[in-house]
Amino acid sequence: MERTQGKGTDMRTRKLQETVNRLWERVPGYRDRMERAGIVPADIRGVEDLAKLPFTTKKDLRDSYPFGLLACDREDLLRVHASSGTTGKMTIVAYTKNDLESWKDCMASCLSIAGVTPGDTLQVMFGYGLFTGGLGFHYGGEHLGATVIPSGTGFTERQVQLMQDLGTTVIACTPSYAVHLSEVLASRNANSPDPAHSLKVAILGAEPWTEALRQTVQAGLGIPALDIYGLSEVMGPGVAIECPCQDGLHLNENHFIAEIIDPVTGEPLPDGEEGELVITTLTKEALPLARYRTRDLTRIIPGKCACGRDGTRIARIRGRSDDMLIIKGVNVFPTQVEAALGRVMGLSMNYALEVSEHNYVKDLSVSVESAAGLGELEMERVEREARRALYEALGLRVNVRVLLPGSLERFEGKAKRVRVASGA
C-alpha cells in the first residue's frame with residue numbers, strides 16, 4: 001500500500017480509523033468478526049494495516065437484509081437504494097444526509113475529470129429509482145452546475161429528439177446503449193455529412209466493456225467515450241472515472257481505498273498485477289464497508305497519469321470473477337469474446353453468447369451481427385475470421401453465427417450478453 005504515502009496520508013488514516021471505530025461500535029456483526037480475527041480498532045494505525053481487517057461480501061449484505069449492517073440511527077436515514085437482485089436477494093443501500101453530500105461531491109468530481117463544465121447539458125439515460133445510476137448522475141451534474149435532462153432509459157427516438165432540440169453536450173448511459181444510440185443517429189443522418197448532435201463526450205458505465213467497443217462508440221458518435229466505475233454497495237457511480245487520456249480510472253481517494261487481491265486466496269497483490277478489486281469506504285455513515293469484495297477484476301496502474309494527476313488509478317474492469325465461464329476446462333470471460341470480435345473487420349459490436357451442454361461437456365456459441373451492407377460472400381468471410389479470432393483468443397473452437405444487422409435484441413439498461421441453456 002505504498003502509494004498512500006505522501007499528500008493526504010494523514011487525512012486518509014484518520015478517516016480509516018473513524019470508519020473502523022464506527023463499524024466496531026455500531027455494527028455488532030462486524031465487531032464479532034474483528035474479535036474472531038483477534039483485532040481491535042487500535043490495531044489499525046494506518047492504511048498499511050488494512051489487510052488485518054476481515055472482508056465484507058455481498059452475502060453479508062443479503063444475510064443482514066434489510067438493515068442488519070446499519071451504522072446509524074434509523075431516523076438519520078435520508079434515502080434508501082437497492083441492487084437489482086437479479087442474482088439473489090436485493091441488497092439495501094442506505095444514506096444519511098452527509099452520505100448524499102459525499103456522493104454528490106464524488107460525482108461532481110468525476111464529471112469534472114471527464115471534462116464536464118457548468119455550461120454543459122447532461123442527458124442522463126440511466127434508470128431512475130432503486131438503481132443508483134440515474135440519481136447519482138443527476139445530483140452530481142446539478143452539484144457541478146450543469147443543466148441536467150433526466151430522460152431515463154429507453155424511448156430512443158425521444159432521446160435523440162431531446163439531444164437535438166435541447167443541445168445535449170454530455171450523455172451518460174451503458175456502453176451497449178451507446179452503440180444502439182449511434183446506430184439510430186446514423187440511420188437518421190444517413191444523407192448528411194454533419195453530425196446529428198452537439199455532443200462532446202459520452203460517459204459510460206454499469207457493465208464491463210472493451211477497447212473494441214469503445215472504438216465502435218467513438219466512431220459511431222464522433223466523440224470520446226469515457227468509462228466510469230461504481231457500485232451500489234459502496235455508494236453508486238462516482239467511485240472512479242477516466243480522464244480524456246483514457247489511461248485508467250482515477251479513484252476518488254478522499255472517499256475510498258482500493259486494494260487488489262487474489263480472488264482465490266484473498267492475499268493482497270502488488271500494483272500492476274490483476275486480481276479482484278476490494279474497496280473500503282472512508283466517509284460513509286449509514287453503511288460503511290471495510291474491505292468489500294467487489295468481484296470485479298482489474299489492477300492498480302503504477303505511475304502518474306499523463307493528465308498530471310497522481311494517486312490511485314485502476315484499469316478498466318475486465319469482467320467479474322463470478323461471470324467467468326468454464327468451457328471444456330478453459331476459463332472464458334465475455335469481455336475476451338468482445339475483444340476478439342472487435343478485431344474482425346465487418347462485424348458490429350452487437351453480440352450474444354449461449355452456453356449449452358451435451359454429455360456433461362459445455363459448449364459456447366457466439367452470435368454476432370455483421371456491419372451494414374455486407375454481401376453473402378463477405379458474410380461467410382467474416383464468419384471464418386471471427387471463428388479464427390476467437391480460437392486465437394480463447395484456445396477453443398467456438399460455434400459462430402454472423403447475423404444480419406438488427407437481428408439481436410437491444411438493451412436499454414445493462415446488456416444481457418450470456419444465455420445459459422437449460423441443463424447447462
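## Aromatic pairs

The count of aromatic pairs here comes to three, taking ring centres within 6.5 Å as the cut-off. Keep in mind that this is a predicted model. One of the pairs is Y95 with W103, and their rings are stacked: the centres are 5.1 Å apart, with 10 degrees between the planes. How accessible are these two residues, Y95 and W103? Y95 has 0% relative accessibility, so Y95 counts as buried. W103 comes out at 4%, so W103 counts as buried too.

Then there's F126 with F131, where the ring centres are 6.3 Å apart and the planes meet at 55 degrees, so this pair is tilted. F126 is buried, at 5% relative accessibility, whereas F131 is partly exposed, with a relative accessible area of 33%. Ring pairs also bring in F137, linking F126, F131 and F137 into a cluster.

## Charges over rings

Two arginines are worth a look on screen. R158 has its charged end over the ring of F155, 4.6 Å from the ring centre. In the other case, R397 lies over the face of Y391, and the distance to the ring centre is 4.1 Å.

## Helices α1 and α2

A pair of packed helices is described by two values, the angle between the axes and the distance between them. For helix α1 (residues 9–26) and helix α2 (residues 28–36), the angle is about 105 degrees and the axes are 6 Å apart. Why do they count as roughly perpendicular? The angle of about 105 degrees falls in the range of 65 to 115 degrees, and that makes α1 roughly perpendicular to α2.

On the α1 side, the contact is made by V20, L23, W24 and R26, and α2 brings P28, Y30, R31, M34 and E35. Sorted by class, that contact of α1 with α2 has six nonpolar and three charged residues, with no polar ones.

## Helices α6 and α7

Helix α6 (residues 156–166) and helix α7 (residues 175–188) have axes that come within 10 Å and cross at roughly 70 degrees. These two helices are therefore roughly perpendicular to each other. From α6, the residues in the contact are T156, E157, Q159, V160, M163 and Q164. From α7, they are Y177, H180, L181, V184, L185 and R188. What classes do the residues of the contact of α6 with α7 divide into? There are six nonpolar, four polar and two charged.

## Helix α8 and Q218

In helix α8 (residues 211–221), the buried residues include A212, L213, R214, V217, Q218 and L221. Just after α8 comes G222, with a positive phi of about 75 degrees.

Setting aside neighbours within four places in sequence, Q218 is in contact with I223, P224, A225 and Q246.

## A71 in its loop

Last stop: A71, in the loop between α3 (58–63) and β1 (77–82). Is A71 buried or exposed? A71 is at 0% relative accessibility, so the alanine counts as buried.

Which residues does A71 contact, leaving aside its neighbours within four places in sequence? They are R22, R26, V27, E285, A286 and P288. R26 is also one of the α1 residues in the contact with α2.

How values were computed
Residues are numbered from 1 along each chain as its sequence is written. This is a predicted model: local features need pLDDT of at least 70, side-chain atom pairs count only at pLDDT 80 or more; totals for chains, interfaces and linings use all residues. Side-chain values use heavy atoms; hydrogens and water are left out. Rings of Phe, Tyr and Trp (its six-membered ring) pair if their centres lie within 6.5 Å; planes under 30 degrees apart count as stacked, over 60 as edge-to-face and the rest as tilted. Buried means under 20% relative accessible area, exposed over 50%, partly exposed in between (1.4 Å probe, protein chains only). A charge sits over a ring if NZ of Lys or CZ of Arg is within 6 Å of the ring centre and within 35 degrees of the ring normal. Axes are lines fitted to C-alpha atoms, for helices over the stretch in contact, and angles run from 0 to 180 degrees between N-to-C directions. Helices (H or I, at least four residues) and strands (E, at least two) are DSSP runs, numbered from the N terminus. Angles under 35 degrees count as roughly parallel, over 145 as roughly antiparallel, 65 to 115 as roughly perpendicular and the rest as oblique. Contact means heavy atoms within 4.5 Å. Ala, Val, Leu, Ile, Met, Phe, Trp, Tyr, Cys and Pro count as nonpolar, Asp, Glu, Lys and Arg as charged, and the others, Gly among them, as polar.
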